[in-house]
Amino acid sequence: MENLIALLQHNPLMPRADLACLLAMSEEDVNARIAQLEKEGVILGYQTVINREVWNPDTVTAVIEVKVTPERDGGFDRIASRISKFDEVQSCYLMSGGYDLLVLVEADNLRQVAAFVSEKLSTIEAVVSTATRFRLKTYKENGAFHHFETTAERLAVSP
Amino acid sequence: MSIPIADHIRDIPKSGIRDFFEIVQSMQDVISLGIGEPDFVTPWHIREAAIYSLEKGRTGYTSNLGLPRLRRSISDYVGKITGVRYEPLSEVLVSVGVSEAIDTALRAILNPGDEVLYHEPCYVSYSPSVALAHGVARGIRTRAEDGFKLLPAALDAAVGPRTKAVLLNFPTNPTGATLTRPEAEALAEVCLRRNLVLLTDEIYSELTYDDMPHFSPVSVPGMKDRTVFLHGMSKAYAMTGFRVGYACGPAPLIEAMMKIHQYSILCASTTSQDAAIEALERGDASVRRMKREYELRRNFISAALSDMGLPCGTPRGAFYAFADIRLTGLTSTEFSHRFLREKSVAVVPGCAFGPSGEGFVRCSFATGLDQITVAMTRMAEFVKSVRAT
C-alpha cells in the first residue's frame, strides 16, 4: 500500500498497467486498491503542481498568522472551518506557538489579499489579530521537485 | 631495461570488464545497465554533513582505526542488524571502501599458498585480491537452479588441507542471490566444523526485497570469533565516491589489519568519515526510500526479462538482474557486444564474474526507470531478432 501511495503521489497519471508492473500486482488488484483508498478517504484527490514562476506569475500568495479566541465547545474547529470555506484560502492549519491558525491565501493581487484580511478575516468575532506575509519566490513546492536527485556522472560500466 | 613486474601481479588476468568499458566509453548515447553503483546522488543530509565537516576545518588525519565516534556508530549499527556486539575501540576498523578491508583482511590472515574459497559468479576483485595476498583463490561454482546460492555441501566438499578461509557475499553482486536464515546457519555450521575463517562481504545487506530480512552468518552463535564482518556506506547510502567501508572482527585480527592499514593508507578520509557518521545515525529513512525505488524497478525488470524469455529468477537482493540468455544461443560476450553495437545498450557479460556466469548477462537496475524501460524494449527487439536468425 505504501508503495502504491508513493507512486501515485509522485505521478497520479501513471497508467494502471505500469503501476501493476512496478508493484508486481495485477491491474485489477491495483484498481481495487486505489478504489478502496479513495473510498476510505486516504486519497482525497489528484492535483496538478503548477510552476508559479511561469504560470500566472503575478498571482500573490500570502501566509497569514491568525490569533483566535477558541470557543468553549469545539475549540478552534468551528472557526477554522469557517475561515477555510473562503475561496481565497488554499490551506489552513492549527499551529502550536505564538499564533493559532496558519492560513495560506492566494489572490490575483495584493489589493485582493488586503481586502480579504480587512473585510473578511479580521471581522470575524473570534479573530483577535492577524499578521500577513507575502511570498516572494518559490524554491520547493509540496516536495514535488524533491524526488531523488540522480547523477549522470558515473562510469559507463563498473563492477 | 624494462622494469620487471612481480610474478604474482603479472599472472593476474586483465579485468573482463575493462575492454567492454572501453568500447562503451567510445560510443555516444549508450543506455547503460552496466553500472555497479547507485544512480542516486548521496542524500542531501549526508552531503551537508560532509560540507559542515570541511567548514569546521576538520581536514587532518584521524586515528588509524577511524574516528572513535564513527566506530561507535558502526558498532551500534552492526549490533542492530546482526545482534553481534563489537567493541568500538578494538574490534572495528574504518577502511577506504570494503575493497580495502577485504585486501587488508586477506593480507592479515594468509600465508603464501593458503587457500581461500569463494562462490562465483561473484564480484570481480575477490580472486585477484587473494592472489595479491599470495594466497590461492578457489571458486565454487553456483547455479541458477539453486538461485546462485552457495550450498553447504559444495562448500564442505571444496575444503582442502590448505583451505584457510571462505569469502561470502550475500546479497550477491552480480546475481542478487540472498540467504535465508537456515541457509546462512548451514554455511556457518560448515565453517565451524571445518575450522574456516569467514570473510563476509555484506555491502548489499540493506537492499533486500519482498520484506525479506537479511540474516548474517556472523549472527550464528560461535561465529563471531572466526568472522571478519565487512560492510560499508557505498551501496545502501549511495556513497560510492566517499570511499568508506569497515571491518569488524576479533581484536587481535583488527590489530593485525591495522598494521597494514596504517602503513599503506593511514586512515580513511576525514570528510567521508564525518559523512558516514551522519549516514549511520540518521540515514535510515533515506535508505528506505531508495530501497523502495529499487524494488519497484526490480519488479519491472524481472517481468520484462521474463516476458522476453530471459528469466532472471527475480533477485531478492542487491540491484542486479542476472538474466539467463542461453536460449539466444549466444555467449554472454557475444550477446553484450552485439546488443551494444545494434541497440546501444550496455549490459555486462556474465563471464566477467567467473566461469559459471557464462550464459548470463548482468542488468543493473540502479538506473532510472525511464532508461530501464527503453533498454528493456530494445532488448526484447534484439532477442527477437537473434532468435529469428
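**Chain A, elements.** I looked up chain A and found five helices and four strands, counting as helices DSSP runs of H or I with at least four residues and as strands runs of E with at least two, numbered from the N terminus. From the N terminus on, I read the order as α-α-α-β-α-β-β-α-β.

**Conventions.** I note that this is a predicted model, in which local features need pLDDT of at least 70 and side-chain atom pairs count only at pLDDT 80 or more, while totals for chains, interfaces and linings use all residues. Residues are numbered from 1 along each chain as its sequence is written, and chains are lettered from A and ligands numbered from 1 in the order in which they are written.

**Chain A, dimensions.** The C-alpha trace of chain A spans about 65 × 40 × 30 Å along its principal axes.

**Chain A, burial and contacts.** I see 14% of the 159 residues of chain A counted as buried, a residue being buried if 20 or more other C-beta atoms, placed from the backbone, lie within 10 Å of its own. Among contacts in chain A between residues at least 6 apart in sequence, 53% join residues at least 24 apart, contact meaning C-beta atoms, placed from the backbone, within 7 Å.

Leaving out residues up to four places away in sequence, I list B:Leu199, B:Val228, B:Ala247 and B:Met257 as touching B:Ala105.

**Helix pair in chain B.** I checked α3(B) (residues 44-55) and α10(B) (residues 270-282), whose axes come within 8 Å and cross at roughly 140°; axes are lines fitted to C-alpha atoms over the stretch in contact, and angles run from 0 to 180 degrees between N-to-C directions. Residues making this contact include B:Ala49 and B:Ser53 of α3(B) and B:Ala275 and B:Glu278 of α10(B).

**Interface.** I count 25 residues from chain B and 16 residues from chain A in the contact between the chains. On the side of chain B that touches chain A, α2 (16-26) and α11 (284-307) give two or more residues, and the largest share, six residues, comes from α11(B).

Note on methods
A residue is buried if 20 or more other C-beta atoms lie within 10 Å of its own, exposed if 12 or fewer, and partly exposed in between; C-beta atoms are placed from the backbone. Two residues are in contact if their C-beta atoms, placed from the backbone, lie within 7 Å.
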